[in-house]
Amino acid sequence: MASKTTRPVLDTRALNRATLARQLLLTRAEMSAQDATEHLLGLQAQNVKPPYFQLHARLAGFGPAELAGLMESRQVVRMVTMRSTIHTHTVHDALTLRPLVQPARDREINYFRKGLVGVDLDRLAERAREFVEAEPRTMAEIREELLKEWPGADPQSLSVAARCRLPLVQVTPRGVWGKSGQVRLTTLSEWVGGGGKAAGRAEGGGLGGEASGIDDAVLRYLGAFGPASVKDMQTWAGLTRLREAFERLRPVLEVFQDENGVELFDLPDGPRPDAEQPAPPRFLPEFDNLLLSHADRSRVIPPELKGSSWTGNQAHCTLLLDGFLAGLWKLDGEKGGGKEGGKGGGTLTVELFSGVSKAGKAEIVAEGEVLLAEMGGGAGEVRFGSIRA
């Protein structure tokens, strides 16, 4: 929505540098993996490895074993939250953000109503909860169990309803670096050991209707992705009608506008570095939230490159140069669990969208060698070429 009042203007480069600072991508932060995961409001985790690569791009001294240990000790979990996608969250955020997006999960069920005729959704949620809390189950097993009571229902619709009504987490070893495992699910409260009143809220939703919870999420979103518009946060969360929360908070927020006149909100003390501050090359994994969490993504993706990080519905790993999308990358032949694994390296292939100076290529190679050493298992080769068929 364009602002009717003249506000200080933040151009694209200013927005880029401010967002990179919040995202810990201007300089690697001296921060624990758990604190970073909380600061970023979770790590997009459609695939197993991206959360590890997200933290590697952002944290000094990060090794995969740190996040893997948090997974195995149940201090972070993998579950469906924002945009109906899987995220890695701290337990605190799993308990608070999952109820925040419950209205969107309820709307999602409505798309499957034709397959749920005659199904009591409260009964379905209770039966599914009892089933997965007895022991973690696959989605196929959940469908089969629910079909016993509703044999005439659509199997996929039953499983979608269970996933939407319940905060289901993927149990380990799924999501642990260097390990593999089938997706098995149980409830958040069962996996983290009760959780008291907060866990109870996560089971039934409800935080989405509490102003204090929404307001806190707005402030934290701005701390990780700001300055941002109302529509930006709605895109990140997969929710609508958040303007009321921004209006409640307007007196304590800074208000700007972008070059198109769109109103942008920010924390008064939010970092807004000089637009010319250097931004080093960064290798980001597929589905990194930096590229997914704004309605207007031109602060990171040049307009002429819109859609270039996807082939069909598959996202590519992306390379940032000077803070903006500038290429794709792929790691082949990796053989181990990062620097803790001590096994061979791999070949890092970089595809650039346009020409880069010799010095720029040297910076890319240096950053790529760090990636290979710390995440690929040892020394390897960085080469430039095409990664798309």
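A residue counts as buried when its relative accessible area is under 20%. That cut-off matters for this predicted model, where buried residues make up 54% of the 389 residues. The protein has 16 helices and 14 strands.

**Helix H4**

- Helix H4 covers residues 64-72, and its buried residues are Pro 64, Leu 67, Ala 68, Leu 70 and Met 71.
- Looking down the axis of H4, these buried residues fall within an arc of 160°, so they line one face of the helix.
- Arg 74 follows H4 and has a positive phi, near 65°.

**Overall form**

- For 389 residues, a compact globule would have a radius of gyration near 21 Å; the protein has 22 Å, which agrees.
- Taken along the principal axes, the C-alpha atoms fill a box of roughly 65 × 60 × 35 Å.
- Take the contacts between residues at least 6 apart in sequence: 68% of them join residues at least 24 apart.

- Is strand E3 enclosed or open? Five of the five residues of E3 (residues 86-90) are buried, so the strand is largely enclosed by the rest of the structure.
- In a regular strand, side chains alternate between the two faces of the sheet.
- Both faces of E3 are covered. Ile 86, Thr 88 and Thr 90 are buried on one side, and His 87 and His 89 are buried on the other.
- Strand E1 (residues 43-44) runs antiparallel to E3, and two bridges join them.
- Leu 43 stands opposite Thr 88 of E3.
- Strand E2 (residues 76-80) also runs antiparallel to E3, joined to it by five bridges.
- Val 80 has Ile 86 in E3 as its bridge partner.
- E2 and E3 form a hairpin with five residues between the strands. In this hairpin, Arg 83 takes a positive phi near 60°.

**Aromatic rings**

- A pair of aromatic rings is described by two things: the distance of the centres and the angle of the planes.
- How many aromatic pairs does the structure hold? There are nine.
- One of them joins Tyr 52 and Trp 177: the ring centres are 5.0 Å apart and the planes stand at 50°, so the pair is tilted.
- Tyr 52 and Trp 177 are both buried.
- Tyr 221 and Phe 225 form a stacked pair, at 5.2 Å centre to centre with 20° between the planes.
- These two residues sit four places apart in helix H12 (residues 211-225), so about one helical turn separates them.
- Tyr 221 and Phe 225 are both buried.
- Which residues form one aromatic cluster? They are Tyr 52, Phe 53, Trp 177, Phe 283 and Trp 329.

**Charges over rings**

- Arg 137 lies over the face of Phe 131, at 3.8 Å from the ring centre.
- Lys 361 lies over the face of Phe 384, at 4.9 Å from the ring centre.

**Cys 317**

- Cys 317 lies in strand E11 (residues 317-321).
- Why is Cys 317 called buried? Its relative accessible area is 15%, and the cut-off is under 20%.
- Setting aside neighbours within four places in sequence, Cys 317 is in contact with Leu 284, Pro 285, Glu 286, Gly 327, Leu 328 and Trp 329. Trp 329 is also a member of the aromatic cluster.
- Glu 135 is 182 residues from Cys 317 in sequence. In space the two are 35 Å apart, C-alpha to C-alpha.

**Ser 159**

- Ser 159 lies in helix H9 (residues 155-165).
- Its relative accessibility is 5%, so Ser 159 counts as buried.
- Apart from neighbours within four places in sequence, Ser 159 is in contact with Met 139 and Arg 143.

Terms used. Residues are numbered from 1 along each chain as its sequence is written. This is a predicted model: local features need pLDDT of at least 70, side-chain atom pairs count only at pLDDT 80 or more; totals for chains, interfaces and linings use all residues. Side-chain values use heavy atoms; hydrogens and water are left out. Buried means under 20% relative accessible area, exposed over 50%, partly exposed in between (1.4 Å probe, protein chains only). The arc is that of the directions from the helix axis to the C-beta atoms. Rings of Phe, Tyr and Trp (its six-membered ring) pair if their centres lie within 6.5 Å; planes under 30 degrees apart count as stacked, over 60 as edge-to-face and the rest as tilted. A charge sits over a ring if NZ of Lys or CZ of Arg is within 6 Å of the ring centre and within 35 degrees of the ring normal. Two strands pair if DSSP finds at least two bridges between them. The radius of gyration is taken over C-alpha atoms; the globule rule is 2.2 Å times the number of residues to the power 0.38. Contact means heavy atoms within 4.5 Å.
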